[in-house]
Amino acid sequence: MQAVMLSSEVQSEIIHLLVKALNDHYVFPDVAREMSEQIEVNSTKDGYLNTHDPEDFCEQLTEDLRAISSDKHISVRYTEQEKSIDQKRSLIEHKEEYLLKAKIDNYGFHKIERDLRGFYNPEYAGEAAVNA
């Protein structure tokens, strides 16, 4: 297998796309801005200049993002698998998959308990019964 190396142009494009994704989707907008600014500063200061190996580059980006956000869930990964040309379709498929998993998981509701102590007239208690 031939070793893959990232050019500085490819690194710049990855950082541009990562910044956009962070600002569009990260749950804390102020933290997203801070992470975006830091990786852009690192890239202009040649902070990624010696990381042409894709896995090393991703590892460094992940470390930089986590250093700011303290979010152990955030990571940048490399894969040699080609992505779909139709990115919009990929997003739709991703959303459909997410919604299916959410439905299968009952949207996170696994056990809800109520203490039923009697039955009152549905005319008065119907709404409370439906909500329970």
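Reader: Is Lys 101 buried or exposed?
Author: In this predicted model, Lys 101 counts as exposed, because its relative accessibility is 54%.

Reader: Which side chain does Lys 101 meet in a salt bridge?
Author: The partner is Glu 97, with a distance of 3.2 Å from N to O. Glu 97 and Lys 101 are four residues apart in helix H4, so about one helical turn separates them. Glu 97 is partly exposed, since its relative accessible area is 44%.

Reader: And how many salt bridges does the count come to?
Author: The count comes to two salt bridges. Besides the bridge between Glu 97 and Lys 101, there is one that Asp 24 forms with Lys 20, where the closest N and O atoms are 2.6 Å apart. Both Asp 24 and Lys 20 lie in helix H1, four residues apart, which is about one turn of the helix. Asp 24 is partly exposed, with a relative accessible area of 45%, and Lys 20 is partly exposed as well, at 46%.

Reader: Switching to the surface, which residues form the negative patch?
Author: That patch is formed by Glu 55, Asp 56, Glu 59, Glu 63 and Glu 80. Glu 55 has its place in helix H3, which covers residues 54-69, and Glu 55 counts as exposed because its relative accessibility is 54%.

Reader: What about a nonpolar patch, which residues form that?
Author: Tyr 107, Phe 109 and Ile 112 form a nonpolar patch on the surface, and together they have about 380 Å² of accessible area.

Reader: Where is Ile 112 found?
Author: Ile 112 is in the loop between helix H4 (87-104) and helix H5 (122-131), and with 59% relative accessibility Ile 112 counts as exposed.

Definitions and conventions: Residues are numbered from 1 along each chain as its sequence is written. This is a predicted model: local features need pLDDT of at least 70, side-chain atom pairs count only at pLDDT 80 or more; totals for chains, interfaces and linings use all residues. Side-chain values use heavy atoms; hydrogens and water are left out. Patches are made of residues with over 30% relative accessible area and no salt bridge: like charges are joined within 9 Å, nonpolar side chains (Val, Leu, Ile, Met, Phe, Trp, Tyr) within 5 Å. Accessible areas come from the Shrake-Rupley method with a 1.4 Å probe; for residues, only the protein chains shown count as cover. A salt bridge is a side-chain nitrogen of Lys or Arg within 4 Å of a carboxyl oxygen of Asp or Glu. Lys and Arg count as positive and Asp and Glu as negative; His and the chain ends are not counted. The place of a charge is taken as NZ of Lys, CZ of Arg, CG of Asp or CD of Glu. Helices (H or I, at least four residues) and strands (E, at least two) are DSSP runs, numbered from the N terminus. Buried means under 20% relative accessible area, exposed over 50%, partly exposed in between (1.4 Å probe, protein chains only).
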